[in-house]
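Here are a few friendly notes to read alongside the model. Please keep the sequence and the 3D view open as you go through the points.

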Amino acid sequence: MQKTTDADAPAGIDTAGADGTERKAAVPARGVARARAVSDRLIGWSTLIAAGMALLQIWTLPVVAPLFSTLPAVRAAVFAPAKMAALVQLTNGPLFACEGILMGVGGFSFLAGITCAGVATMVLGL
């Protein structure tokens, strides 16, 4: 979150120190553009890696699934949850990068909120 306190102050990012005091980190104008470019690149790479891992998980499923059980019913039953786990992997990559970006800019309250929403969704799914 960028904010200027007065006309003479540079744009900055409001952060809180470990002791709870508010601090303002000055960011040059060029730094904001570079930070956005790095964030975009990080999200892009994490999405590509997650997609690759999901495809690898689906492609190796016929080879890996039989290693854990000799029962045909168990081997057949493992395919649906494993495919669902591969689909979840597609969201894990970009979300992991976005959580790191949120930590870097000090968006802890928003991060705590979405974490609580995720936990609530998981508990309701049980």
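1. Let's begin with the contacts of Ser46. Leaving aside residues up to four places away in sequence, Ser46 touches Gly93, Pro94 and Ala97. Please keep in mind that this is a predicted model.

2. Is Ser46 buried or exposed? Ser46 has a relative accessibility of 13%, and because buried means under 20%, Ser46 counts as buried. Ser46 lies in helix α1.

3. Now look at Trp45, which is also found in helix α1, a helix made of residues 29–64. Trp45 has a relative accessible area of 53%; since exposed means over 50%, Trp45 is exposed.

4. Which residues form a nonpolar patch on the surface? Trp45 is one of them, and Leu48, Ile49 and Met53 are the others. Together they have about 460 Å² of accessible area.

5. Met53, a member of that patch, lies in helix α1 as well. Its relative accessible area is 44%, between the 20% and 50% limits, so Met53 is partly exposed.

6. Finally, come back to Gly93, this time from Met53. Met53 and Gly93 are 40 residues apart along the chain, and their C-alpha atoms are separated by 9.5 Å.

Terms used
Residues numbered from 1 in each chain as written. Predicted model: local features only at pLDDT ≥ 70, side-chain atom pairs only at ≥ 80, totals over all residues. Heavy atoms only, no water. Patch = residues over 30% accessible without salt bridge, like charges linked within 9 Å, V, L, I, M, F, W, Y side chains within 5 Å. Areas by Shrake-Rupley, 256 points an atom, 1.4 Å probe, with all protein chains shown as cover. Salt bridge = Lys/Arg side-chain N within 4 Å of Asp/Glu carboxyl O. Helix = DSSP H or I, 4+ residues; strand = E, 2+ residues; numbered from the N terminus. Buried < 20%, exposed > 50% of the residue type's maximum accessible area, 1.4 Å probe, protein only. Contact = heavy atoms within 4.5 Å.
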